[in-house]
Amino acid sequence: MGIQQGQAYAWSRSRMGGWAIAQSPILVTTITLERLRKRGYESMLDIYKQITPIRRDSLFPIT
């Protein structure tokens, strides 16, 4: 997935918690949005845009 086998092994042995790993180069360099899309995952933003109605009227009308 773009890294050497030794580095992958070292990262797999990390004691960091899930949040710390999510913010680290471990995931940024291996799991990309393109790879997730290829596996069938959808963006939460895309799903939100599909199910949320479009507001055409202003929340604060100018008087």
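**Helices, a salt bridge and a surface patch**

Modeller: In this predicted model, helix α5 spans residues 44-51, and none of its eight residues is buried, so helix α5 lies largely in the open.

Biologist: Which residue caps the N-terminal end of α5?

Modeller: The cap is made by a side-chain oxygen, which lies 3.2 Å from the backbone nitrogen of Leu 45. The residue that supplies this oxygen is Ser 43.

Biologist: How many helices are there in the protein?

Modeller: Along the sequence the pattern reads α-α-α-α-α. The protein has zero strands, and its helices number five.

Biologist: What percentage of the residues of the protein count as buried?

Modeller: A residue counts as buried when its relative accessible area is under 20%. The protein exposes about 6300 Å², with 59% of that supplied by carbon and sulfur atoms. Of its 63 residues, the share that counts as buried is 6%.

Biologist: Which side chain meets Lys 38 in a salt bridge?

Modeller: Side chains of opposite charge can pair when their charged atoms come close. The count of salt bridges in this model is one. Its N to O distance is 3.5 Å, and the partner of Lys 38 is Glu 34.

Biologist: Why are Lys 38 and Glu 34 separated by about one helical turn?

Modeller: Lys 38 counts as exposed, at 68% relative accessibility. Both residues belong to helix α4, residues 33-38. They are separated by about one helical turn because their spacing in that helix is four residues.

Biologist: What is the area of the nonpolar surface patch that includes Leu 36?

Modeller: Leu 36 lies in helix α4. It counts as partly exposed because its relative accessibility is 31%, and patch residues need over 30%. Together with Ile 31, Leu 33 and Tyr 41, Leu 36 makes a nonpolar patch of about 410 Å².

Technical notes. Residues are numbered from 1 along each chain as its sequence is written. This is a predicted model: local features need pLDDT of at least 70, side-chain atom pairs count only at pLDDT 80 or more; totals for chains, interfaces and linings use all residues. Side-chain values use heavy atoms; hydrogens and water are left out. A salt bridge is a side-chain nitrogen of Lys or Arg within 4 Å of a carboxyl oxygen of Asp or Glu. Helices (H or I, at least four residues) and strands (E, at least two) are DSSP runs, numbered from the N terminus. Buried means under 20% relative accessible area, exposed over 50%, partly exposed in between (1.4 Å probe, protein chains only). Patches are made of residues with over 30% relative accessible area and no salt bridge: like charges are joined within 9 Å, nonpolar side chains (Val, Leu, Ile, Met, Phe, Trp, Tyr) within 5 Å. Accessible areas come from the Shrake-Rupley method with a 1.4 Å probe; for residues, only the protein chains shown count as cover. A polar contact is a pair of N or O atoms within 3.5 Å; within protein, one must be able to donate a hydrogen and the other to accept it, and residues adjacent in sequence count only if both atoms are side-chain atoms.
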